[in-house]
Amino acid sequence: MKTDIEIARETPLAPIGQIAEKLGVPETGVDNYGRNIAKIDESLIDEERVQQHHLILVTSISPTKAGVGKTTVSIGLALGLNKIGCRATVALREPSLGPCFGIKGGAAGGGYAQVLPMEKINLHFTGDFHAITSAHNTLSALLDNHLYQHRNEGPLFKEIYWKRVLDVNDRSLRHVNIGVGGGTNGIERSTGFDITSASELMAILCLATDIEDLQRRIGNILLGITIDDRPFTVNDLGVTGAITALLIDAIHPNLVQTTEQTPAFIHGGPFANIAHGCSSVLATKLALTYSDYTITEAGFGADLGAEKFFDIKCRKAGLQPALTVLVVTTQGLKMHGGVPLDQIKEPSHQGLLEGFRNMDKHIRNLKKFGQSIVVAINRFATDDELELDLIIQHCRQLGVPCAINNAFSEGGEGARQLAETVVDTIAHKPSATLRYAYRLQDPITTKIEQVCTNIYGAATVTYSEHAWQQLTDISRLFGNDSDVSHYPVCIAKTQFSFTTDPNLYGCPDGFDIFIREIIVNTGSEMIVAVAGKMMRMPGLPKSPQAERIQVVDGKITGLS
């Protein structure tokens, strides 16, 4: 089979105006970024139509290094739905350069189920990530300038929370000293870098309802605590308008197309292991406005992405998913069943059966949210037919519909069975009213513990002294019954396990979740709890994908 990039280059692309016209978007709402990409005016969102149409979430079992192919399934399902006569659109996150040059090599689907033009989407696209990086670091520079210009007034802050960001995996920047050298070099202090996907501005962009809401949220960002024990925000710094101005184009959702010219919105890119892991509310609502079915995905496994999709995005945006698709693979299940990575392509019925425990845990969790579920088996060329049958039989015993997805090799035709299963399930067994893992009025620790025990399966939750002090600070600064105390929680945790140990696959029990740090995001309006050794700035692997990305005869190779 041809490589992803070969398939992408050989696929004819329609002018983006035709894609928008097919979708029903008026020409006045389309701002072209070249021939095949456009930004769409979010004021075209029709809330009544949003509530009338079907929102489908695609999530997965706990991912492994073998990969699950959730984006390929999401795109494939949109292709399959259009094949059977449904008006469907996919709404995805934008790829981050860090993983593209680190491990993934790209995040635009695969095979004959891709979003195009894949090189542009995987690299600079419309510059949204660059805008967020620039806005975040401009705010950092303005804050440090404030410290320098008022240096003769004595200490200004007890604590400064705002770091810098970069859309590159760079472990050496996790902890840095700035202002070194004295004099005009600024005030010396310790800080660090997060990856752009972890920036609060990224979360804000993805949760904002319009430009006014974007500006309101930016102004409310908590930068630090003053020496007289007051929260210090962007509004206090007086630069809210300037930071908003840098994001005035980035807030508009991006429209592209699939390998079968299906409309696709791609906007925003928070990671689900360190942020809330969903594409923008605006892109989702635009897709729902113009499509009967909108397929979106949440990052990593259902314990991270799906939980945050329901508890944060849907709750804040008033969205009601019609159904959730849980993606599984024979290889992923076998790895969760104890089969070594170098043997997962070989038949291992016992390993597969053991791996069902991970899938079953995710199914139970999704049912707690009131979701109807379809299991999608993302088929690989090496899959054993008997193992596929075992998965189908197991799902049948659970009373959960199951379908094989062949979109990678066959495009929309290969997702026809999955599409028919999804439509039939929505028609005959729609999801109940969305239920949440906790109440917003619960104490912060209760909300964290509800997710850790009821979703992850932890026996206990413990906190570092630093985290306890941060919780005490929140109570002192904002009160126990304030808006801040009623924020949803966003737990930053490894994606590979229900636990904080990335090597503990399957479905463990009796474990502890250790909360190392609590971060207050008063702009995106969430409490981030950092669990275990999770880092908000990833590192590169021993052999990064960047070593295989080349430009040959003016064309990029090595992206996938």
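Biologist: Which residues line the largest cavity, and which helix gives the most to that lining?

Modeller: In this predicted model, the largest cavity is lined by Glu94, Pro95, Leu97, Ile121, Leu123, His124, Phe125, Gly127, Asp128, Phe129, His130 and Asp167. By class, that lining has 6 nonpolar, 3 polar and 3 charged residues. The element giving the most to the lining, with 3 residues, is helix H7 (residues 128-149).

Biologist: Thanks! How many cavities of 30 Å³ or more does a search of the whole structure find, and what volume has the largest cavity?

Modeller: The search of the whole structure turns up 1 cavity of 30 Å³ or more. For the largest cavity, the volume comes to about 60 Å³.

Biologist: Let's turn to the second largest pocket. How much space lies in it, and which residues are the closest to its centre?

Modeller: About 920 Å³ of space lies in the second largest pocket. Its lining counts 42 residues, and the elements that give two or more of them include strand S7 (157-160), helix H8 (200-207), helix H20 (465-478) and strand S22 (512-521). By class, the lining has 21 nonpolar, 10 polar and 11 charged residues. The closest to the centre are Tyr161, Lys163, Asp194, Glu517 and Ile519.

Biologist: Now the backbone: which peptide bond is cis, and where is its proline found?

Modeller: The cis bond runs from leucine 116 to proline 117, with omega near 0 degrees. As for the place, proline 117 is found in the loop between S6 and helix H6 (118-122).

Biologist: What is phi of phenylalanine 300, and what is phi of aspartate 553?

Modeller: Phenylalanine 300 is in the loop between strand S16 (293-297) and helix H13 (302-317), and its phi is positive although the residue is not glycine, at near 55 degrees. Aspartate 553 sits in the loop between strand S24 (550-552) and strand S25 (555-557). Phi of aspartate 553 is also a positive value in a residue other than glycine, near 55 degrees.

Biologist: Why does aspartate 553 count as exposed?

Modeller: The cut-off for exposed is over 50% relative accessible area. Aspartate 553 is exposed because its relative accessible area is 78%.

Biologist: Which residues make the nonpolar surface patch, and is tyrosine 112 buried or partly exposed?

Modeller: The patch covers about 300 Å² and is made by Met1, Tyr112 and Phe408. Tyrosine 112 has its place in the loop between strand S5 (109-110) and strand S6 (113-116). With a relative accessibility of 33%, tyrosine 112 falls between the limits of 20% and 50%, so the label is partly exposed.

Biologist: How many salt bridges does the structure hold, and which residues are linked in a network of them?

Modeller: The structure holds 24 salt bridges. One of the pairs is glutamate 10 with lysine 2, with the closest N and O atoms 2.6 Å apart; another joins arginine 439 and aspartate 442 at 2.8 Å, N to O. The network links Asp213, Arg216, Arg217, Lys316 and Glu525.

Biologist: And are lysine 334 and glutamate 387 buried or exposed?

Modeller: Their side chains meet in a salt bridge, at 3.0 Å from N to O. That pair links distant parts of the chain, 53 residues apart, with lysine 334 in helix H14 (residues 330-336) and glutamate 387 in helix H16 (residues 385-398). Lysine 334 and glutamate 387 are both buried.

Technical notes
Residues numbered from 1 in each chain as written. Predicted model: local features only at pLDDT ≥ 70, side-chain atom pairs only at ≥ 80, totals over all residues. Heavy atoms only, no water. Patch = residues over 30% accessible without salt bridge, like charges linked within 9 Å, V, L, I, M, F, W, Y side chains within 5 Å. Areas by Shrake-Rupley, 256 points an atom, 1.4 Å probe, with all protein chains shown as cover. Salt bridge = Lys/Arg side-chain N within 4 Å of Asp/Glu carboxyl O. Helix = DSSP H or I, 4+ residues; strand = E, 2+ residues; numbered from the N terminus. Buried < 20%, exposed > 50% of the residue type's maximum accessible area, 1.4 Å probe, protein only. 1 Å grid on protein atoms, 1.4 Å probe; cavity = no way out; pocket = protein on both sides within 12 Å on 5 of 7 lines; lining within 4 Å. Points joined across faces, edges and corners; volume = space filled by probe spheres on them. Nonpolar A, V, L, I, M, F, W, Y, C, P; charged D, E, K, R; others polar.
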